[in-house]
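Keep the sequence and the 3D view open side by side as you read.

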Amino acid sequence: MLEDGVADPVQPDPRVIVFDTTLRDGEQSPGATLTSDEKLEVADALVELGIDVMEAGFPAASPGDFEAVRAIAGRVKGVTVAGLARCNESDIERAAMAVKSAENSRIHTFIATSDIHLEHKLRMTRPEVLKRVDHMVRFAKRFTSDVEFSAEDATRSDWAFLAQVFGTAIAAGATTINVPDTVGYTSPVEYAALMEFLTANVPDVERAVISVHCHDDLGMATANTLAAVRAGARQVEVTMNGIGERAGNTSLEEVVMALATRGDQFGGGMTRIRKEKLVPVSRLVSTLTGVPVQPNKAIVGANAFAHEAGIHQDGMLKERTTYEIMNPADVGWEGTRLVLGKHSGRAGFRNTLQEIGIRLDEDQLNEAYQRFLALADRKKAVTAADLVALVSDQLEVADDPLQLIRWNASIGSGGPATGSVVVSRDGEELSGDGLGNGAVNALFQAIDAAVAIPCELEEYHVEAVTPGEDAQGQVRLRIRSGEHVFTGHGLATDVIEASARAYLAALSKVIQGDSTAMIAGPVSAVSRWT
Ligand code: KIV
Ligand code: ZN
């Protein structure tokens with residue numbers, strides 16, 4: 001450390017520092033709230049994965065957040081634990097207290113620097129911001145030598161002012177300066193140019209690590225992050241599965257695999273992530289947060305290594321590299337290709353779930369095992385994607401007031417389809433019959449007759465969970481009831497049954513008035529920390 005508390009120059013290092021913010025920015029995803037125990041489970045998994053810095057939360061946000069950060073800081077080893085704080089003394093004190101017991105602790109303090117934020121949100125002038133940065137970084141340094149400073153909305157800030165702000169932060173002792181694309185506005189070319197500008201214009205820039213933090217509003221978060229790495233950024237702020245505010249943050253797995261696969265394009269920077277853990281950790285985060293991974297998601301999506309087209313399958317059979325640029329086993333799909341059948345025992349079933357990052361309590365496990373046996377009776381090979389779908393479906397509908405008991409639908413040439421259904425509503429059995437222009441339509445009419453909840457079907461999608469004739473069908477739909485829109489998801493080997501389950505799931509939300517399921521109208525969510 002130099003005499004004035006300013007850090008020594010950072011040595012050139014080809015390693016890219018992985019700063020994971022799944023537990024902070026990721027947890028800000030709509031509906032992704034985790035309990036304290038779940039946060040600890042994710043924290044352990046992230047350590048196993050090999051991240052360098054864990055942003056464990058925002059301690060000043062609530063007593064729960066404070067406790068969770070404190071518990072994580074006291075537990076995890078081998079990583080730096082960061083706590084987020086606005087640029088004010090009380091936030092910084094809370095963060096300092098929460099991360100105090102960590103092996104390596106970091107205070108991550110931020111203030112907005114764009115004129116839009118200064119004028120409308122902070123009501124501060126630029127000189128006032130500079131003064132605050134200087135004061136608060138110095139204040140944070142009283143608690144730990146490792147202080148990260150972020151200029152919120154950096155990419156919409158005036159570049160010259162931004163350079164001044166970062167220079168002030170470094171002079172006050174910041175060891176990492178972070179350049180957030182808070183609203184997902186920048187592009188790879190612009191972001192790389194900003195890195196070059198900052199490298200050339202921030203006084204004493206070599207004394208700090210330059211960090212990047214992107215949001216995916218225009219679908220460019222990963223591209224922007226990688227462009228910045230190529231231009232010299234040394235730390236990437238990412239989340240597992242790309243979860244986060246609005247469209248999410250940069251995906252950890254995408255950046256890690258892009259660097260591993262196309263390092264030649266990004267300055268050869270490597271991470272110390274254990275790639276074979278990517279899929280299991282992705283599953284764990286998805287199961288615990290309840291935020292599903294889209295099937296076509298790069299690296300960790302169920303279809304990321306599935307080959308459906310005949311020409312592709314033919315190529316794959318001749319030589320895997322014809323259509324695969326990564327080996328699925330390298331990112332942890334090996335265990336998940338492990339196929340279960342109807343002769344698989346409970347222990348094997350439990351192990352496979354654990355291998356793909358799904359943890360269930362005993363009751364949930366028992367129910368999942370029964371559902372698995374029923375599925376294995378109808379489907380030759382049950383794959384990881386089947387299990388993920390089955391368990392998510394089970395957890396989603398477990399407490400729904402409407403449950404499907406029996407159904408029947410028939411259709412032939414020349415006549416309308418008929419459907420009949422028996423459902424339970426809070427334990428009471430209700431039945432109904434319906435006619436329709438197809439089996440699904442007839443069954444929906446039957447459900448309407450049974451439950452008598454006025455609504456309109458607005459959207460309906462069906463897809464197969466895995467390739468093959470015996471694949472499970474997955475239905476997602478949207479209904480409108482009054483002013484609100486509700487979504488439902490259903491799974492079964494039969495798409496008609498999957499449709500009925502999805503419809504009942506959406507109607508259950510109508511009954512519960514489940515506001516998290518409502519997607520009507522542009523509601524402006526108030527951020528938890530601004
Ligand atoms: O997106 C953002 O600007 C942030 C900062 C707090 C780093 O999450
Ligand atoms: Zn963010």
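A polar atom in the side chain of E253 lies 3.1 Å from the backbone nitrogen of N241. Keep in mind as you look at this pair that the model is predicted. E253 itself is found in helix α9, which covers residues 252-261. Is this glutamate buried or exposed? E253 counts as buried because its relative accessibility is 0%, and the cut-off for buried is under 20%.

The surroundings of E253 are worth a slow look. Leaving out residues up to four places away in sequence, E253 touches T239, M240, N241 and G242, along with L278 and the run K297, A298, I299 and V300. The C-alpha atom of E253 is also 8.5 Å from that of S282, a residue 29 positions away along the chain.

I299 sits in the loop between α10 (278-289) and α11 (310-318), and its phi is positive, about 70 degrees, although the residue is not a glycine. With a relative accessibility of 6%, I299 counts as buried. For a counterpart, turn to R123, another non-glycine residue with a positive phi, here about 50 degrees. R123 belongs to the loop between α4 (115-122) and α5 (126-141). Its relative accessibility is 67%, so R123 counts as exposed.

K39 is buried because its relative accessible area is 5%, which falls under the 20% cut-off. Setting aside neighbours within four places in sequence, K39 is in contact with L23, E27, L34, D65, A68 and I72.

Now please move to ligand 1. Which residues surround it? The shell is made up of R24, D25, H108, F110, S150, E152, N178, P180, T182, H213 and H215.

Several side chains come within polar reach of the ligand's oxygen atoms. A polar side-chain atom of D25 is 3.1 Å from an oxygen atom of ligand 1, and an N or O atom in the side chain of H213 is likewise 3.1 Å from a ligand oxygen. For H215, the distance from a polar side-chain atom to an oxygen atom of ligand 1 is 3.0 Å. On its own, ligand 1 has 260 Å² of accessible area, and the protein covers 99% of it.

Stepping back, the protein chain contains 17 helices and 14 strands. Of its 530 residues, 53% are buried. Among contacts with a separation of 6 or more, 65% join residues 24 or more positions apart. The accessible surface of the chain is about 22,900 Å², and carbon and sulfur atoms account for 51% of that area.

Finally, a word on confidence. The chain averages a pLDDT of 87, with 90% of the residues scoring at least 70. Over residues 515-530, however, pLDDT stays under 50, and the model has 28 contacts beyond four places in sequence for that stretch. Where pLDDT is low, predicted coordinates should not be read in detail.

Methods:
Residues numbered from 1 in each chain as written. Chains lettered and ligands numbered in written order. Predicted model: local features only at pLDDT ≥ 70, side-chain atom pairs only at ≥ 80, totals over all residues. Heavy atoms only, no water. Helix = DSSP H or I, 4+ residues; strand = E, 2+ residues; numbered from the N terminus. Buried < 20%, exposed > 50% of the residue type's maximum accessible area, 1.4 Å probe, protein only. Contact = heavy atoms within 4.5 Å. Areas by Shrake-Rupley, 256 points an atom, 1.4 Å probe, with all protein chains shown as cover. Near = heavy atom within 4 Å. Polar contact = N/O pair within 3.5 Å; in protein donor to acceptor, adjacent residues only side chain to side chain. pLDDT = per-residue confidence, 0-100.
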